[in-house]
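Here's a quick briefing to go with the model on your screen.

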Amino acid sequence: MAAQVPSARSVFRGPAGSIEVAAYMPSEIAPRAIAVVAHPHPLFGGTMDNKVVTTIARTMFDAGAAVFRFNFRGVGNSEGVHDEGRGETEDMLSVISHARAAAASDTLPLWLAGFSFGGAVTLAASERATAHEMVLVAPAFQRIAHWANVQNGGSPPASTLLIHGENDETVPLAGSMDWARSRDMAVTVVPGADHFFHMRLHIIKRLVAGQLR
C-alpha cells in the first residue's frame with residue numbers, strides 16, 4: 001500500500017466565511033496541474049475526508065498535481081449554511097482561485113473532480129472555470145436546486161471521465177447514462193459497485209490514474 005501523503009489543512013476567506021481546505025503540494029518538482037476535488041452531500045454526512053474523495057485526490061497528486069480538497073459551507077471548519085448547490089458552486093470557484101494563488105500560477109492546467117453532490121457542483125463550476133481534465137464519480141445531477149439553470153448542464157472537457165457503480169442505490173446509474181447520451185460521452189460502469197464503491201476504490205484509482213497518465 002502506498003504511503004499516506006500528508007496534507008496541510010488551513011482556512012481562507014470564502015463567499016460565506018471561512019473555507020477549510022486540505023492541500024497536497026509536490027515538494028520536489030513543480031506541479032503539472034492544479035486539481036480541486038469536491039465532496040458528497042453535506043446534509044448526508046459528506047465531507048472532504050470521504051474515501052472516494054481522498055482516493056481521487058491522492059491519485060491526482062501521484063499524477064503530478066497540486067491537489068486541494070475542501071469542505072463546503074457548513075461542514076467541518078467551513079462557515080455558512082447549506083445552500084442546495086448555489087453557494088457551494090461559489091465555494092468551489094473560490095477554492096479554485098485560492099489554489100491558483102497557493103500554487104503561484106494562473107497558467108497551470110486545471111483538473112476538477114467531484115463525487116455525488118460534488119460532481120454536480122463540479123459541473124456547475126465548470127461554467128465559469130475552464131477545466132482541462134474532469135473526473136465525475138456518480139454525479140448527483142438532481143441534488144442541486146439550480147441545476148435546471150446551469151447552461152447546457154456544465155462545460156466539461158471532451159476527455160471527461162464519468163464513473164458510476166452498477167448497483168448505486170443512492171444516485172441511479174440512469175442519470176449518468178441520460179446525461180452522457182446527450183453529450184455523446186462514455187460512462188464507465190463498475191460492476192457490482194454501490195454508491196460509495198465499497199471494496200472497489202482501487203478501481204477508481206486505476207481509472208483516474210489511466211485518465212491522467
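This is a predicted model: local features need pLDDT of at least 70, side-chain atom pairs count only at pLDDT 80 or more; totals for chains, interfaces and linings use all residues.

Numbering starts from 1 along each chain as its sequence is written, and side-chain values use heavy atoms, with hydrogens and water left out.

**Helix packing**

- Helices and strands here are DSSP runs (H or I, at least four residues, for helices; E, at least two, for strands), numbered from the N terminus.
- Helix H1 (residues 51-62) and helix H5 (residues 201-212) have axes that come within 9 Å and cross at roughly 35 degrees; the axes are lines fitted to C-alpha atoms over the stretch in contact, with angles from 0 to 180 degrees between N-to-C directions.
- The crossing of H1 and H5 is right-handed, meaning the near helix is turned clockwise from the far one by less than a right angle.
- On the H1 side, the residues are Lys51, Val52, Thr55, Ile56, Thr59, Met60 and Asp62, and they meet Leu201, Ile204, Lys205, Val208, Ala209 and Leu212 in H5; contact means heavy atoms within 4.5 Å.
- Sorted by class, the contact of H1 with H5 has 8 nonpolar, 2 polar and 3 charged residues.

**Aromatic pairs**

- There are 5 aromatic pairs in the structure; rings of Phe, Tyr and Trp (its six-membered ring) pair if their centres lie within 6.5 Å, with planes under 30 degrees apart counted as stacked, over 60 as edge-to-face and the rest as tilted.
- Phe115 and Phe196 make an edge-to-face pair, because their ring centres are 6.0 Å apart and their planes sit at 80 degrees.
- Phe115 is in strand E5 (residues 110-115) and Phe196 is in the loop between strand E8 (188-190) and H5, so this pair ties together parts that are 81 residues apart in sequence.
- Phe115 is buried, at 0% relative accessible area, while Phe196 is partly exposed at 35%; buried means under 20%, exposed over 50% and partly exposed in between, using a 1.4 Å probe and protein chains only.
- One aromatic cluster is formed by Phe70, Phe72 and Phe117.

**Nonpolar cores**

- The largest nonpolar core has 32 residues, of which Val36, Phe70, Met92, Val95 and Ile96 touch the most other members; a core is a set of buried Ala, Val, Leu, Ile, Met, Phe, Trp, Tyr and Cys residues joined through side-chain atoms within 4.5 Å.
- Among the elements that each supply at least two residues of this core are strand E3 (33-38), strand E4 (65-70) and helix H2 (86-102), and H2 gives the largest share, 5 residues.
- Another core, of 28 residues, lies apart from it and includes Tyr24, Ala138, Phe197 and Ile204.

**Single residues worth a click**

- Trp111 lies in strand E5 and is buried at 3% relative accessibility.
- Phi is near 55 degrees in Glu84, a positive value in a residue other than glycine, and Glu84 sits in the loop between E4 and H2.
- Phe197 also has phi near 55 degrees; Phe197 is in the loop between E8 and H5 and is buried at 0% relative accessibility.

Definitions and conventions:
Ala, Val, Leu, Ile, Met, Phe, Trp, Tyr, Cys and Pro count as nonpolar, Asp, Glu, Lys and Arg as charged, and the others, Gly among them, as polar.
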